[in-house]
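Please keep the structure in view while reading.

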Amino acid sequence: MLQDDYEFYRSKSKRELLETLAKMTQEQKQNGTLDAASMEETYRMLSPLLDNRQKQLLRALIDELK
């Protein structure tokens, strides 16, 4: 499943990825399935896979979405 997600999103542009993230975040906030703790958990899981620039971008996005 994760491999399928990776393959789907891998070809997307940065803008497309950010738009998808914003849409998913809004939907999850509205239905109560997204909170600050789950965003932090996502950051914790993803950050080892990212370079410093990507970590900073993800951190900024999470802080903005909270």
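Helices (H or I, at least four residues) and strands (E, at least two) are DSSP runs, numbered from the N terminus. Under this naming, Thr42 belongs to helix α3. The model is a predicted one, in which local features need pLDDT of at least 70 and side-chain atom pairs count only at pLDDT 80 or more, while totals for chains, interfaces and linings use all residues. Residues are numbered from 1 along each chain as its sequence is written, and side-chain values use heavy atoms, with hydrogens and water left out.

**The largest pocket**

Rolling a probe the size of a water molecule over the atoms shows where empty space is left. In detail, a 1 Å grid is laid over the protein atoms alone, and a pocket is an open set of points with protein on both sides within 12 Å along at least five of seven lines; a cavity is a set of points where a 1.4 Å probe fits but cannot get out, and lining residues have an atom within 4 Å of a point. Grid points are joined across faces, edges and corners, and a volume is the space filled by probe spheres set on the points.

The largest pocket holds about 1500 Å³ of space. Its lining consists of 29 residues, and those nearest the centre are Leu17, Leu21, Thr42, Leu46 and Leu58. Two or more lining residues come from each of α1 (2–10), α2 (14–31), α3 (36–46) and α4 (52–65). The largest share, eight residues, is given by α2.

For the classes, Ala, Val, Leu, Ile, Met, Phe, Trp, Tyr, Cys and Pro count as nonpolar, Asp, Glu, Lys and Arg as charged, and the others, Gly among them, as polar. The lining then divides into 18 nonpolar, seven polar and four charged residues.

**A nonpolar patch**

Patches are made of residues with over 30% relative accessible area and no salt bridge; like charges are joined within 9 Å, and nonpolar side chains (Val, Leu, Ile, Met, Phe, Trp, Tyr) within 5 Å. One nonpolar surface patch consists of Phe8, Tyr9, Leu17 and Met24, which together have about 350 Å² of accessible area. At least two of the patch residues come from α1, and at least two from α2. Tyr9 is located in helix α1.

**Salt bridges**

A salt bridge is a side-chain nitrogen of Lys or Arg within 4 Å of a carboxyl oxygen of Asp or Glu. The structure has five of them, including those below.

| Pair | N to O distance |
|---|---|
| Arg15 and Glu19 | 2.9 Å |
| Glu40 and Arg59 | 2.5 Å |
| Asp63 and Arg59 | 3.1 Å |

Because Glu40 lies in helix α3 and Arg59 in helix α4, this pair ties together parts that are 19 residues apart in sequence. Asp63 and Arg59 are four residues apart in helix α4, which means about one helical turn between them. Through shared partners, salt bridges join Glu40, Arg59 and Asp63 into one network.

Arg15 and Glu19 both lie in helix α2, four residues apart, or about one turn. Arg15 is exposed at 62% relative accessibility, whereas Glu19 is partly exposed at 43%.

Methods
Areas by Shrake-Rupley, 256 points an atom, 1.4 Å probe, with all protein chains shown as cover. Buried < 20%, exposed > 50% of the residue type's maximum accessible area, 1.4 Å probe, protein only.
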